[in-house]
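Welcome! Here is a short tour for anyone meeting this structure for the first time. Take a look at the sequence and the model, then read on.

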Amino acid sequence: MQKPQADSIDVKVDSILKIMTLEEKVGQMNQYNGFWDVTGPSPEGGNAEKKYEDLRKGRVGSMLTVRGTEQVRAVQKIVVEESRLGIPLIIGFDVIHGYKTLSPIPLAEAASWDLEAIQKSASVAASEASASGINWTFAPMVDISRDPRWGRVMEGAGEDPYLGSKIAIARVHGFQGEDLAAVNTIAATAKHFAGYGFVEAGREYNKADIGSVTLHNIVLPPFKAAEEAGVKTFMNGFNELNGIPVTGSNYLLRELLKNKWGFKGFVISDWASIGEMTTHGYAKDLAHAAEMGVKAGVDMDMESYSYIDELVNLVETGKVDVALIDDAVRRILRVKFELGLFDDPYKYCDPEREKNVIGSKENQEAVLDMAKKSIVLLKNNNKLLPLKKKGQKIAVIGPLADDNNSVLGSWRIASKDSSGISVLDGLKQYTGNDLMFEKGADLLTNEPTFINELAFNTTDTSGFEKAINVARNSDVVILVLGEHGFQSGEGRSRTNLDLPGVQQELMEKIYAANKNVVLVLNNGRPLVLNWAANHIPAIVETWHLGTQTGNAVAQVLYGDYNPSGKLPMTFPRNVGQIPIYYSHKNTGRPVDPQPGANMVFWSHYSDVESSPLFPFGYGLSYTSFNYSNLNVEKDSYALNEEVQVSVELSNTGDYDGKEVVQLYIRDLFAKIVRPVRELKGFQLVELKKGESRTIKFSLTSKELGYYDQDGNFTVEPGEYEIFVGTDSNASLKTHFILKE
Ligand code: GLC
């Protein structure tokens, strides 16, 4: 299908706008959640009647959570055939890490550092969502966070804006593809604009106070990257930023996003966040909230009813200029045209495609590939891994070992519960060893759901005895512990990052019975793992890897895939260190000026090391890599000259493997104090055992510069250091001068 020309779309949009009534315009700015089976009789009760009525009257521009070609066709039919203008709905959904065939949670995908695989994962999600009638996802979430107490770190790309920006671009391209009008691509959403990842104390929905240097250099870059990648929509967050709820932030939404960045898509509020400005204590009432939302630049209202109930009156009484309404509606209609919805409102409602695409072999293979690449090897003493493929007695123990539901992660509301492959199921496919399974203990005492609190087993250790016996009578123990998939995600903040329930006690007893333990972690955030790190010989971080979890974990444990993941977020020694991240500042007293003198006047804690347990960028391999000959082509460069860097990488171990070569810079002195390290380049390099290769990087102003307090980008002359290595503690360094 010929891609509609941008100018012809604007012409068409204006021709529709001209004939719309004010109420119909406001209708386009209204999004309802579909909580009923639209294919059934008109439901009784709730506000479904109102929603049906509004659909018929053209007072709805979008629905969310309606899914499946039958349901979507039914709701689209109401609007297209019964409303006066028949403007098709855009159908949104949280396709966060897959639709029915689930990818790993986004934080796990970020651990792969594999932008191609991440883009492919998003395109798989888009192919299945679009086959189910959906043409818009509320993803990628690009909130940077340094606080694992916040449950939504599972949904993002971790602590670093450079990695987060690259991943944002990959995911936008994966969802939207080359042609948004294609039947297998969907509009994406950069969310939650902005600062949600900095909620105070990691407490969900809390306020965020962020200084301008952090805002411009850490929080905003992934959003800017998504905008430059052509993302079609933005979603504002729930949070207050420096005293202003971002839903009502004219600075963020209109001045920065729409004016300075030139964003042409539309902004949707988060669920009821417009109305919540009254609860924040920022809006007097719903009408005032609607007025501030539309003036700030929120174009569509998700489920607060403020726009549909208040905007017409606000315009008619002169409080809101109709030009703001027209601008919002233009933005919304433009995206609907680009999706091809005006050409064919039912193009995403093909039951044949739904049947053939969802769960396809190709999709299963893609999410398996993504899952393998997301696994991080944290420890492997005495080469306990990879496992031998035959002749071993292997005990598989732990409350998550046979769990095929938890592995799906938190944001899987379109998938089928318990449709994952558990670690045990994956291991069973390797039939050369004797496998014995004992759960050891339950993790939960209630049924886990997306919206309810989880209840943990903190007393029942009745299963320990059997587990200890199989551990005692085996060569190796695979111990699968961690968090349930619903223990991270929205509404899931924790103040304690230990292994929940009786898992720590179980681990210590199993270790006492057999020292050859491989700890397989299932978790949606960094955890506190000091005891395990000090005792357990092998530790594998496997997050929540989605549908193909068991196959991915088994292929890594048996060495059919050599782990290549690197941590996208720092693992602390305890919660007291949080926020803890690699790109910290030097301070004026970074080191003990009199080592051994027990003097306290320097930046440290008296009760724990300042370093993390596992740093950003860290991850081991079954092989080993050596870095040497780090070179910068010249000692000095002009301000806008490209700095050419090279390093020698060698695979010095016994396995072919893949290394994420990381490049960090440090600007030694500047008008704004720069971090001790900043990631400014990375490359995935596959080397056969014994192979060496020269890896090249080039640094431009884009990598060397920073944003000042006013958000202006600047590159300063001066001395820079470069570090290249296997994680953010890379010690191989060189330097160069940027001349005036
Ligand atoms: C939720 C989330 C947001 C999601 C939206 C629709 O509360 O904050 O990320 O896209 O509501 O489900």
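## A buried pair

Lys566 counts as buried, at 1% relative accessibility (buried means under 20% relative accessible area, exposed over 50%, and partly exposed in between, with a 1.4 Å probe and protein chains only). Its salt-bridge partner is Glu659, with the closest N and O atoms 3.1 Å apart (a salt bridge is a side-chain nitrogen of Lys or Arg within 4 Å of a carboxyl oxygen of Asp or Glu). This pair links distant parts of the chain, 93 residues apart: Glu659 sits in strand S20 (residues 657–667), and Lys566 in the loop between helix H21 (549–557) and strand S17 (625–632). Helices (H or I, at least four residues) and strands (E, at least two) are DSSP runs, numbered from the N terminus. Glu659 is buried too, with a relative accessible area of 3%.

## How to read the model

This is a predicted model, in which local features need pLDDT of at least 70 and side-chain atom pairs count only at pLDDT 80 or more, while totals for chains, interfaces and linings use all residues. Residues are numbered from 1 along each chain as its sequence is written, and side-chain values use heavy atoms, leaving out hydrogens and water.

How many salt bridges does a search of the whole structure find? The search finds 46. One joins the side chains of Asp369 and Lys373, at 2.9 Å from N to O. Both residues lie in helix H16 (residues 361–373), four residues apart, or about one turn of the helix. Asp369 is partly exposed at 27% relative accessibility, whereas Lys373 is buried at 14%.

A network of salt bridges links Glu23, Lys50, Asp54, Arg59 and Asp309.

## Around the ligand

Now to the ligand. Among the residues surrounding the ligand are Leu64, Phe138, Trp271 and Met302 (near means that a heavy atom of the residue lies within 4 Å). Oxygen atoms of the ligand come to 2.6 Å from a side-chain N or O atom of His192, and to 2.6 Å from one of Asp270. For Glu490, the corresponding distance is 3.1 Å. Taken alone, the ligand exposes 310 Å², and the protein buries 92% of that (accessible areas come from the Shrake-Rupley method with a 1.4 Å probe; for residues, only the protein chains shown count as cover).

Terms used:
Polar contact = N/O pair within 3.5 Å; in protein donor to acceptor, adjacent residues only side chain to side chain.
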